[in-house]
Amino acid sequence: MTLSNTLDHWMDMLHASAQDCAQTMLACSNWSVRPMGSLLPEGMAGAYVPLVGEELKLQIGIVADSEGCTALAKDFLGTPEVSEADMVDALNEIANMIAGGVKNRAFDRQIGLKIGLPLFLEGYIHITNSVVIETSEIRVGNTAAFLMLIHSSNESSLAD
Amino acid sequence: MVFLLVDDSRAMRMILKRYLTQSKFDGSTILEAENGVMALQIIEQSKPDMIIADWNMPEMSGYDLLLELGKKKSSIPFGFVTSEGTPEMRQLAEKGGALFLIAKPFTQEMFIQTIMRYQPHDLV
């Protein structure tokens, strides 16, 4: 199986997990996803969660602009206003939940995935030759955001 | 009814609290702890009627909290709300004495229905 095939499979699991989260805990019936290839969104903030197995190291991220992060946090917490600390906590939890959904969907692969601690970051990601990134634009209601899958460009690291 | 919510994420505690207070459990006392160690202290001081815990937490995980309560012969109903719901974890939870494991994401309705199924019926 080629790297792009395996990436597609992981992206499918990522999309399914994120949609599940949006439609349940963000109470959003209006959901869409648009694959953007290796496009690197700029000027974004968001949460990243590592998914690590014996032969696999992934980072799963959900990022948006400042207004998008606040809107996602408000939808998630069900409150009209959120503090910056609550926004960060909410985005971390959303990313954690999406990563959990990917792990559950990958369970039959028997690759012993473990979820690491979420990290909230603002700024630009510098991609090197040893890293592959896949991005999808999502719309959660009226909010635009991006899902990101970052992993080593070493094909065997996808454990397929 | 007294609930103890154990989760290192304040966001998740806020959501569970909202789900409970917007349901037939409105009026319940809701205690909060950030990890298993804090939960044990709270349980000693004010015996809750139900414990709802995350699995992965710093200091002491929800699973270790469950085992610790088992050693103490606790009879407080205990359930997990966690991001991971693999068959292995469900087996461990059941073996340890947990009544339920709700894997995120979930709706308010799913959460409340599960709590109602396992609540001590003489309390509500």
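In this predicted model, Pro105(B) occupies the loop that links strand S5 (100-103) to helix H5 (108-118) of chain B. The peptide bond leading from Lys104(B) into Pro105(B) is cis, its omega lying near 0 degrees. Two further backbone features of chain B fall in loops. Glu59(B), in the loop between strand S3 (50-53) and helix H3 (62-71) of chain B, has a phi near 75 degrees, a positive value in a residue other than glycine. Lys73(B), located in the loop between H3 and strand S4 (78-82) of chain B, likewise is not a glycine and has a positive phi, of about 60 degrees. Most residues other than glycine have a negative phi, and most peptide bonds are trans. The side of the fold on which these residues lie can be described by accessibility. Glu59(B) has a relative accessibility of 69% and is therefore classed as exposed, the cut-off being over 50%. Lys73(B), at 73% relative accessibility, also counts as exposed.

The confidence of the prediction was considered for each chain and for the complex. Chain A has an average pLDDT of 87, with 90% of its residues scoring at least 70. Within chain A, the lowest confidence belongs to helix H1 (residues 3-24), with a mean of 87, and the highest to helix H2 (residues 66-77), with 95. For chain B the mean pLDDT is 93, and 97% of the residues reach 70 or more. Among the elements of chain B, the lowest mean pLDDT, 93, is that of helix H4 (residues 87-96), while the highest, 98, is that of S3(B). For the complex, the predictor gives an ipTM of 0.84 and a pTM of 0.89. Where pLDDT is low, the predicted coordinates should not be read in detail.

The largest nonpolar core comprises 67 residues, and the residues with the most contacts inside this core are Trp10(A), Phe76(A), Ile52(B) and Phe111(B). The greatest contribution to the core comes from helix H3 (residues 84-105) of chain A, which supplies 9 residues. A second, separate core has 25 residues, including Ala39(B), Leu40(B), Ala53(B) and Leu101(B). In soluble globular proteins, nonpolar side chains tend to be buried together. With neighbours within four places in sequence left aside, the contacts of Ile52(B) are Phe3(B), Leu4(B), Leu5(B), Val6(B), Leu16(B), Gly79(B), Val81(B), Phe100(B), Phe111(B) and Ile115(B).

Helix H3 of chain A also packs against H2(A), at an angle of about 75 degrees and with the two axes 9 Å apart. Angles of 65 to 115 degrees count as roughly perpendicular, and H2(A) and H3(A) are therefore so described. From H2(A), the contact involves Cys69(A), Thr70(A), Leu72(A), Ala73(A), Phe76(A) and Leu77(A); from H3(A), it involves Asp86(A), Met87(A), Ala90(A), Leu91(A), Glu93(A), Ile94(A) and Met97(A). Divided by class, the residues of this contact are 10 nonpolar, 1 polar and 2 charged.

Two residues of H3(A) were examined individually. Ala90(A), which is found in this helix, is buried, with a relative accessible area of 0%. Beyond its neighbours within four places in sequence, Ala90(A) is in contact with Ala73(A), Phe76(A), Leu77(A) and Ala11(B). The C-alpha atoms of Ala90(A) and Phe76(A) are separated by 6.9 Å, the two residues being 14 residues apart along the chain. Asn96(A) lies in helix H3 of chain A as well. At 15% relative accessibility, Asn96(A) falls under the 20% limit and so counts as buried. When residues up to four places away in sequence are not counted, Asn96(A) touches Val49(A), Ile115(A) and Ser83(B).

In chain B, helix H1 (residues 10-21) and H5(B) pack with their axes 10 Å apart, at an angle of about 70 degrees. This angle makes H1(B) roughly perpendicular to H5(B). Leu16(B), Arg18(B), Tyr19(B) and Leu20(B) of H1(B) form the contact with Gln108(B), Phe111(B) and Ile112(B) of H5(B). By class, the residues of the contact between H1(B) and H5(B) comprise 5 nonpolar, 1 polar and 1 charged. Phe111(B), on the H5(B) side of this contact, is also one of the residues with the most contacts inside the largest nonpolar core.

Definitions and conventions:
Residues are numbered from 1 along each chain as its sequence is written. Chains are lettered from A and ligands numbered from 1 in the order in which they are written. This is a predicted model: local features need pLDDT of at least 70, side-chain atom pairs count only at pLDDT 80 or more; totals for chains, interfaces and linings use all residues. Side-chain values use heavy atoms; hydrogens and water are left out. pLDDT is the predictor's confidence in each residue, from 0 to 100. Helices (H or I, at least four residues) and strands (E, at least two) are DSSP runs, numbered from the N terminus. A nonpolar core is a set of buried Ala, Val, Leu, Ile, Met, Phe, Trp, Tyr and Cys residues joined through side-chain atoms within 4.5 Å. Buried means under 20% relative accessible area, exposed over 50%, partly exposed in between (1.4 Å probe, protein chains only). Contact means heavy atoms within 4.5 Å. Axes are lines fitted to C-alpha atoms, for helices over the stretch in contact, and angles run from 0 to 180 degrees between N-to-C directions. Angles under 35 degrees count as roughly parallel, over 145 as roughly antiparallel, 65 to 115 as roughly perpendicular and the rest as oblique. Ala, Val, Leu, Ile, Met, Phe, Trp, Tyr, Cys and Pro count as nonpolar, Asp, Glu, Lys and Arg as charged, and the others, Gly among them, as polar.
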